[in-house]
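Hi everyone, thanks for coming along. I'd like to walk you through a structure that may be new to you, so please have a look at it with me.

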Amino acid sequence: MTGSLLGHLNFLGAMFLFAVGMFTMLAHGNLIKKIIGMNIMDTAVFLFVVSLGYIRGGTPAIEASGPAAQYVNPLPSALILTGIVIAVSTTAFALALVVKIHARFGTIDADEMVRRMRSGPQ
Amino acid sequence: MPDLILSTIASYLVPLIWVYGAYVIVHGHLSPGGGFAGGTIIASGFVLAALTWGFDRIRAGFDENVLGTADTAGVLAYVSIGLAALIRGGWFLSNLGAGYPPGIPGRLFSSGAVWLLGAAIGVKVTTTLYGLFARLAESQPAREGQPRGEPR
Amino acid sequence: MRLLLVVLTVILVGAMLSIVALGLPEFGTATAPTRNEMVRRYIEEALPETGAVNSITAIVFDYRAFDTLGEATVLFAAAAAAAAVLGTVRRD
Amino acid sequence: MTSRLLPLVVVLPLAAGFLAAWAGRKNIALVRAGAIAVSVAHAAISLALLAAASRSGPLVHLMGGWAAPVGIELRLDLFGAVVLFLIGGLNSLVMVYASRDAAEETAPGVEPWYWSLLLVLLGAMSGIAVTKDLFNLFVMTEVSSIAACGIVAVSRRPAALEASFKYLILSAVGSGAILLGTGLLYAATGYLDIDRVSEVLREVAGSFPRVTMAALALYLVGFGLKAALFPLHVWLPDAHSTAPSPSSALLSGLVVKVYVVALVRLLYQVWGVELFSQSPGPTVLLLLSWLAMVLGSVFAIAQRDLKRMLAYSTVSQMGYIFLGLALASPNALAGGLLHIFNHALMKSCLFLAAGVLISRAGTRDIAAMAGIGRAMPLTTAAFTVAAMAMIGVPGTNGFISKWYLSLGALDLGRPVHVAVVIFSSLLNGVYYLPFVISAFFGAGHYEKRVTEAPGVLLGPVLILAAACIWTGLFPRFPLDQLISAAHGFLGR
């Protein structure tokens with residue numbers, strides 16, 4: 001089943017992005033960078049799923065009048081529309097938490113935050 | 001005191017963005033777009049207006065109450081459309097099967113509940129996204145607790 | 001030390017996922033398992049069954065409208081949670 | 001006709017949650033009463049659905065009127081019905097408690113949002129229990145994750161911010177894994193409906209071996225993160241201990257459990273027992289559940305903070321549930337499923353009782369609470385009952401689930417698992433008993449300044465403690481249903 005690299009370019013790109021996002025998330029102590037990493041990871045998954053729907057030479061499934069084989073599968077696009085909104089919501093909530101953390105602890109660095117939390121009054 | 005260039009351009013652009021967003025919302029069943037895309041566009045119009053003239057000016061027209069009410073109304077409308085279908089047709093959120101009028105395909109007012117649901121989501125997304133932006137932008141990180149480390 | 005561990009983990013996960021991706025049917029082919037009767041249904045029957053010209057909208061607001069309710073709820077929950085968190089930081 | 005009620009268990013709490021945010025600024029008392037009313041209505045509907053499902057088999061509701069592969073179906077089988085009733089009933093009790101407690105423990109001015117999030121969480125958990133569509137499962141998982149992080153973040157304690165952020169980021173990683181797993185399964189099978197995916201998966205598991213294996217691994221990581229499977233539990237002690245007590249009770253009692261319910265569906269309905277047992281999945285789960293049972297308890301012993309101890313105890317108790325999933329013999333699986341139910345009762349009882357004890361004693365330190373039992377005998381007695389259930393003393397519900405787990409292990413001829421269960425139970429005793437003993441017989445002098453909790457707080461605690469004993473003495477109600485569900489999952 002192993003196919004050509006070129007034929008899987010989108011999927012490989014998505015997996016690469018996923019790894020990049022994961023790295024950004026794990027390697028940085030900065031909370032904002034963690035959120036950015038999370039978004040890159042989500043975007044990678046979106047790229048992957050949307051790519052599943054594509055068909056070579058296909059057009060978007062709007063005003064479909066010919067045979068279905070000419071059109072891109074609309075289902076992955078519809079799913080990812082939902083996925084994007086979910087990612088936006090998570091990001092918004094995470095940013096709100098960072099704003100509040102900054103207000104409370106005066107830092108947006110994960111390690112520094114834990115240190116100040118331990119030393120400061122609870 | 002809003003910047004002259006910004007405020008002049010924004011005063012032309014903001015209504016245009018709103019109209020375009022409304023267009024995208026109500027034509028969701030005919031062309032690319034829909035409630036989410038259109039709602040985001042309208043919200044971005046609000047964001048531009050808020051950045052230009054300040055949040056207080058926006059609040060004069062759309063205060064917390066109006067936004068909160070529109071938010072709840074949008075998503076409750078979605079649920080009510082679904083519940084009405086459950087009562088009439090037996091399945092939650094069913095469309096033509098529950099007697100929503102299909103209209104003439106391709107016209108603006110067609111496709112029954114799809115159109116209504118899109119509009120409801122459009123209202124909800126507009127208010128929520130702008131509300132989130134306003135809350136994040138207006139919060140004052142240095143107001144409480146320890147002094148902050150770096151400048152904002 | 002921690003960075004090295006992270007790099008190794010990420011390379012491992014990335015490599016494994018890439019191998020998995022190579023096992024998928026090629027991008028854009030008509031013989032992929034996803035090109036089943038559902039695609040035909042969504043494209044050809046969407047207009048008569050839902051009245052929407054745009055198949056994606058037909059899926060989002062009709063075939064899978066319940067997902068969209070969930071999605072609106074996520075947005076609502078995030079806004080509510082953000083409001084709860086930021087509530088005490090407000091200027092007014 | 002009853003199947004028309006099925007979407008209501010999801011939609012009713014969601015709609016109430018939307019309304020609560022709007023009405024909360026005007027009249028908070030109305031919101032409290034309304035939320036409790038909705039939750040009780042949810043429990044009543046669940047009971048009706050449970051009766052209908054045990055009378056005439058699974059109930060199905062077609063969302064939008066579209067049958068399975070095209071649209072989303074909700075399906076309520078016996079297992080789902082038991083879980084749904086658990087969610088409704090337990091949530092009602094916790095909400096009664098929260099109607100008094102929330103104002104104290106949440107930051108000023110955010111109580112309306114708290115109720116709103118609680119209701120949304122109720123709807124989302126019900127959605128996870130009843131949905132039959134993989135993508136819808138992902139969406140509902142997301143709703144419940146965000147609402148769960150929200151009910152941690154409302155706490156007054158500054159540490160809750162950090163805990164909530166960690167919880168949010170890690171569950172976002174989990175969501176990414178779940179969505180990628182769903183995408184891979186869709187790529188390999190072309191469907192999202194659980195039954196249809198399962199059919200096709202049997203045919204394509206040979207042609208896409210790596211894809212389906214990766215999907216299984218991603219689901220295990222994703223739901224494992226959210227359900228605090230042992231090495232992925234790092235967020236749990238912080239989140240569950242800094243949250244307001246009603247939130248802790250819900251998070252430990254229900255939220256981590258519904259992700260296990262989702263995992264049960266994936267492993268036994270999508271993959272099915274044959275495909276699952278051919279994969280390395282059961283071995284990995286078995287190993288991790290051992291580690292969870294033993295190390296979770298060891299960490300709990302080391303805690304000074306009462307709620308942190310309870311949180312680590314949740315990590316260890318999740319080990320029993322995963323052990324049941326991994327062993328996959330009818331009795332062991334029934335024991336694991338039963339422990340979902342039983343642990344929900346005991347742990348929410350413990351957290352609610354601990355909440356009262358902590359707020360009255362004014363400390364979270366276990367050692368400083370010595371003697372509190374003489375000042376608050378009823379609350380401490382309820383705590384003791386639930387702690388006994390946690391250890392697995394005969395006559396309590398914890399004994400029943402451990403009994404079935406051990407029975408299942410013996411059926412397979414692997415008594416070593418029984419030994420681990422017993423060892424872990426002993427460890428449970430090591431950290432629960434000293435607290436109970438020092439609470440009743442310790443040297444503190446709380447009698448002079450602390451009185452018993454008011455009825456609104458005490459009522460739910462006592463009801464839960466009574467439920468622990470009731471289901472220990474008369475286990476027929478959840479047990480019969482869950483045994484038949486376990487047989488159904490294992491196809492025999």
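Some housekeeping before that. This is a predicted model, where local features need pLDDT of at least 70 and side-chain atom pairs count only at pLDDT 80 or more, while totals for chains, interfaces and linings use all residues. Residues are numbered from 1 along each chain as its sequence is written, and chains are lettered from A and ligands numbered from 1 in the order in which they are written.

Let's begin with chain B. Its secondary structure comes to five helices and zero strands. A helix here is a DSSP run of H or I with at least four residues, a strand is a run of E with at least two, and both are numbered from the N terminus. Along the sequence, then, the pattern of chain B reads α-α-α-α-α. How spread out is chain B? The radius of gyration of chain B is 19 Å, well over the 15 Å that the globule rule gives for 152 residues, so chain B is more spread out than a compact globule. That radius is taken over C-alpha atoms, and the globule rule is 2.2 Å times the number of residues to the power 0.38. Along the principal axes, the C-alpha atoms of chain B fill a box of roughly 60 × 40 × 25 Å.

Of the 152 residues of chain B, 42% count as buried. Buried is defined by 20 or more other C-beta atoms within 10 Å of a residue's own, exposed by 12 or fewer, and partly exposed is in between, with C-beta atoms placed from the backbone. Looking at contacts in chain B with a separation of 6 or more, 61% are between residues 24 or more positions apart. Two residues are in contact if their C-beta atoms, placed from the backbone, lie within 7 Å.

Now chain C. Here too there are five helices and zero strands, running α-α-α-α-α from the N terminus on. The box filled by the C-alpha atoms of chain C is roughly 55 × 50 × 15 Å, taken along the principal axes. Of its 92 residues, 63% count as buried.

What does chain C touch? With chain A, the contact takes 48 residues from chain A and 41 residues from chain C. On the chain A side, helix 1 (9–27), helix 2 (31–53) and helix 3 (74–105) each supply at least two residues. Helix 3 of chain A gives the most, with 17 residues. By class, that side of chain A has 33 nonpolar, 12 polar and three charged residues. For the classes, Ala, Val, Leu, Ile, Met, Phe, Trp, Tyr, Cys and Pro count as nonpolar, Asp, Glu, Lys and Arg as charged, and the others, Gly among them, as polar.

With chain D, 42 residues of chain D are in contact with 29 residues of chain C. Among the elements that each supply at least two residues on the chain D side are helix 1 (8–23) and helix 4 (111–130). Which helix of chain D gives the most to that side? Helix 5 of chain D does, with 11 residues. The side of chain D that touches chain C has 31 nonpolar, nine polar and two charged residues.

Finally, a few single residues. Leu93(B) has a phi near 65°, a positive value in a residue other than glycine. Leu93(B) is in the loop between helix 4 (64–89) and helix 5 (113–138) of chain B. Is Leu93(B) buried or exposed? Leu93(B) is buried, with 33 other C-beta atoms within 10 Å.

Over in chain D, Ala228(D) is not a glycine either, yet has a positive phi of about 60°. Ala228(D) sits in the loop between helix 8 and helix 9 (236–242) of chain D, and is buried, with 31 other C-beta atoms within 10 Å.

My last stop is Thr107(A), in the loop between helix 3 and helix 4 (110–119) of chain A. Thr107(A) is buried, with 22 other C-beta atoms within 10 Å. The C-alpha atoms of Thr107(A) and Asn30(A) are separated by 9.1 Å, and these residues are 77 residues apart along the chain.
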